[in-house]
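The sequence and coordinates come first, then the comments.

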Amino acid sequence: MLRFIIRRLLITIPTILVVITITWALIRLAPGNFYTGEKPLPAAIEQNIREKYGIDKPWYQQYGRTMWSIVRHLDFGTSLKYEGQSVNAIIARSLPVSAAVGILAYLLALVVGTFVGSIAALKQNSRWDYASMALAMLGISVPNFVLGPILVLVFALTLYWLPPSRWGGFPSVNLILPVLTLSAIHMAYIARLTRAGMLEVLRSDYIRTARAKGLSEKAVVVRHALRGGLMPVVSYTGPALAFLLTGTVVVERIFALPGLGNYFIQASLNRDEPLIIGIVAFIAITLLLMNLLVDIAYAYLDPRIRY
Amino acid sequence: MNEDKLTVDTQTTRGVPSTLPSPTNAPDVDAIHTPPEVAIAEADVRTAETLETVRASSLWRDAWRCLLRNKLAVFGMVVVGVVTLASLLGPYTIKRTTGLTPDYIPTEVSLLKSFPPFTSSDGSFSWTHPMGTDNQGRDLLARVLQGGQISLMVGIISTLVSLVIGVSYGAIAGYVGGRTDNIMMRVVDVLYSLPYIIIVIVLLSMFRSQTARGQLILLFVALGSVSWLTMARIVRGQVLSLKNQEFVLAARATGVSTGRIIFRHLIPNTLGPVIVYATLTIPTVMLTEAFLSFLGFGVQPPLASWGSLATDGIQNIAIFPWQLIFPGVTMALTLFSLNFLGDGLRDALDPQMRTF
Amino acid sequence: MGCGMPSTHKCERSNDKVEARNGTLLEVHDLRTYFETEDGVVKAVDGINFQLKRGETLGIVGESGSGKSVTNLSLIRLIPDPPGKIVSGEVLFAGQDLLLLSAEEIRKVRGRRIAMIFQDPMTSLNPFMKISRQLMEMTQLHLGHTKQQAYEHAIKMLETVGIPEPRRRAGDYPDEFSGGMRQRVMIAMALSCRPELLIADEPTTALDVTIQAQILELIKKLKHETGTSVILITHDLGVVAGMTDHLIVMYAGKVFEQAPTRELFAKPGNPYTKGLLRSVPDPTDEHGQLYQIPGLPPDVAHLPSGCPFAPRCDYEQEICHSEFPPFVQLNSEHYSLCHFAQEVYFESASAATGVKES
């Protein structure tokens, strides 16, 4: 197991570097520049800008400098658009916002989803089953940027129960709508997965053995079925993180939250190279680490898996 | 026709618990556990091992019958069919009947604002704009239908792209096996844990095409390259298990050539899960496209997709809610139906892939 | 999960706890278990009658789909409902009709008085639970053991079934055991509470031949030590030969023949049984062809009228297709379901007189 972890960590580093390189290359290969506006700039001003930001040097030097400062100091440079702010500072500032919304959303999805899915599996083909699965299907089919505004329309603009947008710190009632919007689709998937996993486990031989032993239905479900039935949900966490990410981007745009996703989109639109690279690298590292954690958790929960 | 597929007669009576040893459900331990891709997180690659080949023709016919029995799937099929038909013929029909095109902007100043459904300029009931108009007076119904064209086209073509890449990659990895397979799958594993979408966003934002057409092509490629990973995994899993089944060994033993084995024996058996996954990928891709349009990287005007229409509609949700609701509901309904259809196909074609 | 009883039935407490008569532990009368499928009603078990005396081993033999597993699941009401239902019948266990017990009562019987081991030990044990815990569960539930008591008992059981280093291995998970070991664990689990009846559903089918012999020996040994009665289900005649006192042969959900084991092997009274016996390969026969009963088992959802075995039978005649065969008594304990039971029996008997009875 330890070897497995070390191996994964070792792979992570070159992977991140490759990701950074690809991102850098994409930005550089694209036509245009970050300072290009509507009107073409006079040559002298353009020359000044290029000197200031060091982009008059040959590309391999620039690449080298960027990578060196990243690898050596983990310094991703200064934002091109937000004057004077270091990329690291921006990330540090916006991360808690995204993390708060994301983690809360996933926790909510887990709790509600597994509960609903388990009940649906136990009461298969009942009205509860059909209703909750239909709702889950709806949750998968409605895009989050449609759901969000509708929630805002209903709860904020019509009922005046909740504020429509803006970040109010943590914890605050401003979190409710963004978290709901973000978690909806995951709630749906987790409910479906739980139901599926439970149904499959309930059909398996070892559950039949448990029943043949004379255990009560409750003991069969809680002690024997639940463990195996929830495995698909653990597996789901891996890809879920990626989707959580893109969902966060949408949610932050809709609710005007100063989170990582919002900054990322702005940076992309502004062609703010250091910021883009910084955020991409950060996201990549986070995802790789979280996937590793999920794999470890999976091995811990399923004794059949040995790395 | 039948001689190429060996018939494996099972002695179990259908519906009754079999007394034959059940196929083991032990996980595929040599791979790092395969975290199922979200769209078909429910599809378990390892259970794909247990396909039994019955007489060739009746497999598809059985599947079709099973599909028809599933009311939800039929509902899905019908709705998808209706929407597709409407999207294909709609804009043309509307143009012929009322002269309105999706981008027709009325010349009268008084019409240059958004009207609610079934209302005409003076507030009275009229059939002209069943879905109302947008901010510039364009008929929303026509726009939604045209949006459907684009959305569906993006969905289908991107899925095809990912299908082509994924199936070839997976089939090669599975059939060749050995180190090549190992390396290929490691690559997939690594790619899997990357923030693909993020890089795609960077790609799209950097390479904003000048023409709307160009942007579409970029989208096809970008979206297609996001979903091929799981397809490759599935196909590889299928090929791996089929490779060693008796009918392949028998075919080889009777001198069937490798190419024929792949194309007449292996690929048809992978079609089931491939079809299912493809049908379930389409809504995912459409969602992704919508999301990209929301961020501004997707479909560019004058073309519109449901996603971009919904995005435009968000601006005015408080005053003109129908601008968001109609495209949003249409999209949700279509995705809903596609998901049901995909579920039904999965039940029909490969019940063992079903996890619910 | 329903109790498998028809909807018109009310689960009442059994009023007559009649003591076992003549040492008969189990009496099954006219048991019928049907399954509702899309193809129609599958009559998996269609009117089974048999008896088991205390301390005896009964073998149930049949091909796949004959209904043998379903019979046993029906005994302790483990039939999933839907789609299955025990439509009628009586299962008298020590005088009590199991089919009339409430859900809670039957749970008390399961594991405690009637234990069952299944065919595939790989999937029949909970892979996520240590085997010590799975064993302890039994006695904690039925005998009220404390954790410590249950643990010691579990170790003892593991020892009894021949698991080496039981204390160390008790903390292992099922997938750390080989197939044979796992089956031993299952046996240990089943016999933890000293049940009166052990039902072994194809216990050796999934195992290697050498391990098969070991497991069967183990069951025999434990049976002698604890006096448990055993029902052994298998499709392999070789397995039942040395193990069972009585045999019933099932086909298409019905009992086709029923006799003491020796009698059945020596003088089968039913064409199907004869066919089965002929199918056992004879290692001394160098030139003969391997015999197989021609044809396939019938589709139990669409049984023809008349004898279900008729299409494959050597003795088949017109009457076999039109009339359902009678259950003929050939001997004090020997019955056969056939129009020509007497003829078949006499044929076998006369063939046997030339052979020394072993």
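**Notes on the predicted model**

1. Confidence, chain A. Chain A has a mean pLDDT of 84, and 94% of its residues score at least 70; pLDDT is the predictor's confidence in each residue, from 0 to 100. Within the elements of chain A, the mean pLDDT is lowest for helix 2 (residues 43–52), at 73, and highest for helix 8, at 91. Helices (H or I, at least four residues) and strands (E, at least two) are DSSP runs, numbered from the N terminus.

2. Conventions. This is a predicted model, in which local features need pLDDT of at least 70, side-chain atom pairs count only at pLDDT 80 or more, and totals for chains, interfaces and linings use all residues. Residues are numbered from 1 along each chain as its sequence is written, while chains are lettered from A and ligands numbered from 1 in the order in which they are written.

3. Confidence, chain B. The mean pLDDT of chain B is 71, with 69% of its residues reaching 70 or more. Over residues 1–56 of chain B, pLDDT stays under 50, and the model has 134 contacts beyond four places in sequence for this stretch. Two residues are in contact if their C-beta atoms, placed from the backbone, lie within 7 Å.

4. Chain A, overall. Chain A contains 12 helices and 0 strands. Its C-alpha atoms fill a box of roughly 85 × 55 × 30 Å along the principal axes. Of its 307 residues, 47% count as buried; a residue is buried if 20 or more other C-beta atoms lie within 10 Å of its own, exposed if 12 or fewer, and partly exposed in between, with C-beta atoms placed from the backbone. For contacts in chain A between residues at least 6 apart in sequence, 74% join residues at least 24 apart.

5. Chain B, overall. Chain B has 10 helices and 0 strands. Buried residues account for 48% of its 356 residues. Where contacts in chain B link residues at least 6 apart in sequence, 72% join residues at least 24 apart.

6. Nonpolar core. A nonpolar core is a set of buried Ala, Val, Leu, Ile, Met, Phe, Trp, Tyr and Cys residues joined through C-beta atoms within 7 Å. The largest one has 260 residues, and the members touching the most others are A:Ile279, A:Val280 and C:Ile231. Helix 7 (residues 176–202) of chain A gives the most to this core, 16 residues. Leaving out residues up to four places away in sequence, A:Ile279 touches A:Ile91, A:Leu260, A:Tyr263, A:Phe264 and A:Ala267.

7. Contact of chains A and B. Here 46 residues of chain B are in contact with 52 residues of chain A. On the chain B side, the elements that give two or more residues are helix 5 (196–206), helix 8 (258–295), helix 9 (306–315) and helix 10 (322–349). That side divides into 37 nonpolar, 7 polar and 2 charged residues. For this division, Ala, Val, Leu, Ile, Met, Phe, Trp, Tyr, Cys and Pro count as nonpolar, Asp, Glu, Lys and Arg as charged, and the others, Gly among them, as polar.

8. Contact of chains A and C. Chain A contributes 18 residues and chain C 22 residues. Helix 8 (205–212) and helix 9 (217–229) are the elements of chain A that give two or more residues to its side. Helix 8 of chain A supplies the largest share, 7 residues. The residues on the chain A side divide into 5 nonpolar, 6 polar and 7 charged.

9. Antiparallel pairs in chain C. Two strands pair if DSSP finds at least two bridges between them. Strand 1 (residues 24–37) of chain C pairs with strand 2 (residues 40–53) in the antiparallel sense over 11 bridges, and a hairpin joins the two through 2 residues. C:Tyr34 stands opposite C:Lys43 in strand 2. Strand 1 of chain C also pairs with strand 4 (residues 84–93) in the antiparallel sense, over 8 bridges; there C:Leu26 has C:Phe93 as its bridge partner.

10. Open sheet in chain C. Which order do the 8 strands of the open sheet in chain C follow? The order is 6-7-8-3-9-10-12-11, with mixed pairing. Strand 6 (114–117) and strand 11 (327–329) of chain C stand at the edges with a single partner strand each, so one side of each is left without a neighbour in the sheet. Strand 6 of chain C pairs with strand 7 (residues 197–201) in the parallel sense over 4 bridges, and C:Ala115 stands opposite C:Leu198 in strand 7.
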